[in-house]
Amino acid sequence: MTIKLIGYSFSGPVLRVILCLKELGLPYELEPPASYQSLKDEDYIANKHPFGKMPVLFDGDFRITESRPICRYLVSKYQGKHNDTILIPNDVHKAGLVDQFISYELSYYDPPISKLFYQEKVAKRFLNEEPDPEIIKQAREELAKVLDVYEKLLEGKEYLNGEYSLADLAPCPSTYYICGIVTTHSDLWDSRPNVKNWWNRLYNRDGIKKSLEEAKSFWESSENI
Amino acid sequence: MTVKLIGFEVSPGVLSVMMTLHELGVPYQIENPASWQALKDEDYITNKHPFGKVPVLCDGDYKITETRAICRYLVSKYQGKNNKTILIPNDVHKAGLVDQYISYECSYYTPPVAKLVVEEVFHKTSNPELVETSQKEIDKVLDVYEKLLNGKEYLNGEFSLADLLHIPFTHFIFSATKHADWWNKKPNVKQWWDRISNRDCWKKCVEKIKF
C-alpha cells in the first residue's frame, strides 16, 4: 500500500517529509487539503491532526504527524530497503549527534528564518499585513548569530555530522525559502564560506533541487489558497 | 565511567535528563557551571554548548547536547540494561507515535507554559496581560490533550519519554504559581498529571531542585 502524505508541497514542513521520502526512494501520493481553512475543520482535527497542522502521513492504517517524527519513522522503517542512503547512522553515538543537530535546526536555525519568511512573503500575501521592518531587522541579527555558530560547526566538515544525514536535510526547506525565494537575505549565507558551501552541496543533491524548485513556483505566483 | 550531566538543577531541560537517567537506572554526576553568565563564556561555547545552553551530557569521551536528543540517546544506549523501564517502545510504529507526542510537547505545550513559568517563577515578575494571553493559549492546548488522553492513562497508552518531558515545566506551574486550576479543571489532564508527577523517579528529582 502506498504512503499517503497530506499537505501542500510548498509548505516547509511538508517539503521536509517529501525530501525524506525521495532520499529513501519511497513512492508516495500527495493529497493537498481542500484549503488552509479546512485544517481547522472538526473532521480534520479529529481524523488528521489534533492541532490542525500539516503534514500528516498515512502508512497503511498507521497515521503519524509532525514533520521530524515522520522523517525519523520513515528512516526507522525504510532506511536501506530501497537504496543505500543513510539518513540516520546505526551507531548510537553518531545517531545521537544527528538528533542533536536536528534539535539545533528546530530550536535556533528555523525560528529567525520563519520570522523573516513570514514578514517578507506570508504577511502581505495571505493576511494583507505590511512587513514590519523592526521584526525583519531583529530576525536578521538573530539569524546572523546562528549562522556564525553553523560556520564553526561546519569547519573541516562537508556536513553537520561529517557525512550527509537527516540533520542536513531538515534545514533545506527553510534555507531555500530564504536563499532561493526571498533572496534579499541570502547574503547571510553567501558571506560565510563553510555555510555557503554546505548549502550549495545540499541544494545540488538530485532529489532536493527538483522538489525545492517546484515549491518556488507557488510562492512566485500570486495564487491564493 | 560515570555519566556527567552539566547544568543547574532548576532548569527544566536538566530536570528532564535527570528524570530519564533515574528512570533508566543510570548513575550520574551533576556538574554545575560557575553561573548562568558562564554559559556565554568562550570556553563554554567552544567546549560545551555552541549556543551557550544547558543541559550538556558527557558519557566518557562522548558529548551530546539538547534535552530531547540527550534523552533519546540515553534510551537508545541504556534502556533495558539496568532495569525493565521502557521509555521508547521497540516497535517502530509505537516509537513513531511517542516521537510525535514529544513533538507536540515541544511545539504546542511547552512554549506557552515555559513563557509563563520563566516570567512568574524564574524572573518573579507579575504580568497580568501575559497571564490572560497564556490562559487562552494553554486552555486551547489542554483541550486537545483532554481529547488525546480520552480512555488512556498516558499519551501513547503506556508511560513513555513523551509524558516525562512534560513534567518539569508543569511541576513549576503547580508548585510555584496559582494556575494549577487550568489543568485541574480538565479531568483526563488532571489524572494524567497526578499519575506522572507521582512517579518515584520524579519525586527523587524534586528533592534535588535547587533555585
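This is a predicted model: local features need pLDDT of at least 70, side-chain atom pairs count only at pLDDT 80 or more; totals for chains, interfaces and linings use all residues.
**Entry 1**

I began with the record. UniProt, in an unreviewed entry, lists residues 1–82 of chain A as "domain: GST N-terminal". I computed the make-up of that span: 37% helix and 20% strand, with the end C-alpha atoms 15 Å apart.

Next I looked up the sheet. In chain A, 4 strands make an open sheet in the order 2-1-3-4, and the pairing is mixed. Strand 2 and strand 4 (62–65) of chain A are the edge strands, each pairing on one side only. From one strand to the next, the twist averages 20°.

**Entry 1: the neighbours of strand 1 in chain A**

Which way do strand 1 and strand 2 of chain A run relative to each other, parallel or antiparallel? Strand 1 (residues 3–6) and strand 2 (residues 28–31) of chain A run parallel, joined by 4 bridges. I followed the chain between them: from strand 1 of chain A it passes through helix 1 (residues 12–23) to strand 2, and this β-α-β crossover is right-handed. Across the pair, I found Ile6(A) opposite Glu31(A) of strand 2.

I then turned to strand 3 (residues 56–59) of chain A. Strand 1 and strand 3 of chain A are antiparallel, with 3 bridges between them. Here Lys4(A) has Phe58(A) in strand 3 as its bridge partner.

**Entry 2: helix 7 of chain A and its partners**

I looked at helix 4 (residues 92–127) of chain A against helix 7 (residues 172–181) of chain A. Their axes are 9 Å apart and the packing angle is about 45°. Because of that angle, I log helix 4 of chain A as oblique to helix 7 of chain A. The crossing of helix 4 and helix 7 of chain A is left-handed. On the helix 4 side, the contact residues are Tyr109(A), Asp110(A), Ile113(A), Leu116(A), Phe117(A) and Lys121(A). Helix 7 of chain A contributes Ser174(A), Thr175(A), Tyr177(A), Ile178(A) and Ile181(A).

Helix 1 of chain A was my other check. The axes of helix 1 and helix 7 of chain A come within 8 Å and cross at roughly 120°. That angle makes helix 1 of chain A oblique to helix 7 of chain A. I listed the residues that meet: Gly12(A), Leu15(A), Arg16(A) and Leu19(A) from helix 1 of chain A, and Cys172(A), Pro173(A) and Tyr177(A) from helix 7 of chain A.

**Entry 3: over to chain B**

The UniProt annotation "domain: GST C-terminal", from an unreviewed entry, covers residues 91–211 of chain B. I got 74% helix and 0% strand for that stretch, and its end C-alpha atoms are 39 Å apart.

The sheet of chain B is open, with 4 strands in the order 2-1-3-4 and mixed pairing. Strand 2 (28–31) and strand 4 (62–65) of chain B each have a single partner strand, so each has one side without a neighbour in the sheet. The twist averages 20° from one strand to the next.

Strand 1 (residues 3–6) and strand 3 (residues 56–59) of chain B pair in the antiparallel sense over 3 bridges. What does Leu57(B) pair with in this sheet? In strand 3 of chain B, Leu57(B) is the bridge partner of Leu5(B), and Ile64(B) in strand 4 of chain B is the bridge partner of Leu57(B).

Strand 3 and strand 4 of chain B are antiparallel too, with 4 bridges. They form a hairpin with 2 residues between them, and Gly60(B) in the turn has a positive phi of about 65°.

A reminder to myself: most residues other than glycine have a negative phi, and most peptide bonds are trans. Where are the cis bonds I looked up? One joins Met54(A) and Pro55(A), with omega about 5°. Pro55(A) lies in the loop between helix 2 (42–47) and strand 3 of chain A. In chain B, the peptide bond from Val54(B) to Pro55(B) is cis, with omega near 0°. Pro55(B) is in the loop between helix 2 (42–47) and strand 3 of chain B.

My last stop was Glu66(A), which is not a glycine but has a positive phi of about 80°. I placed Glu66(A) in the loop between strand 4 and helix 3 (67–78) of chain A.

Methods: Residues are numbered from 1 along each chain as its sequence is written. Chains are lettered from A and ligands numbered from 1 in the order in which they are written. Side-chain values use heavy atoms; hydrogens and water are left out. UniProt positions are given in the numbering used here, feature names are shortened, and annotations may be inferred rather than shown by experiment. Two strands pair if DSSP finds at least two bridges between them. A crossover is right-handed if, with the strands pointing away from the viewer, the path from the first strand over the helix to the second runs clockwise. Axes are lines fitted to C-alpha atoms, for helices over the stretch in contact, and angles run from 0 to 180 degrees between N-to-C directions. Angles under 35 degrees count as roughly parallel, over 145 as roughly antiparallel, 65 to 115 as roughly perpendicular and the rest as oblique. A crossing is left-handed if the near helix is turned anticlockwise from the far one by less than a right angle, and right-handed if clockwise. Contact means heavy atoms within 4.5 Å.
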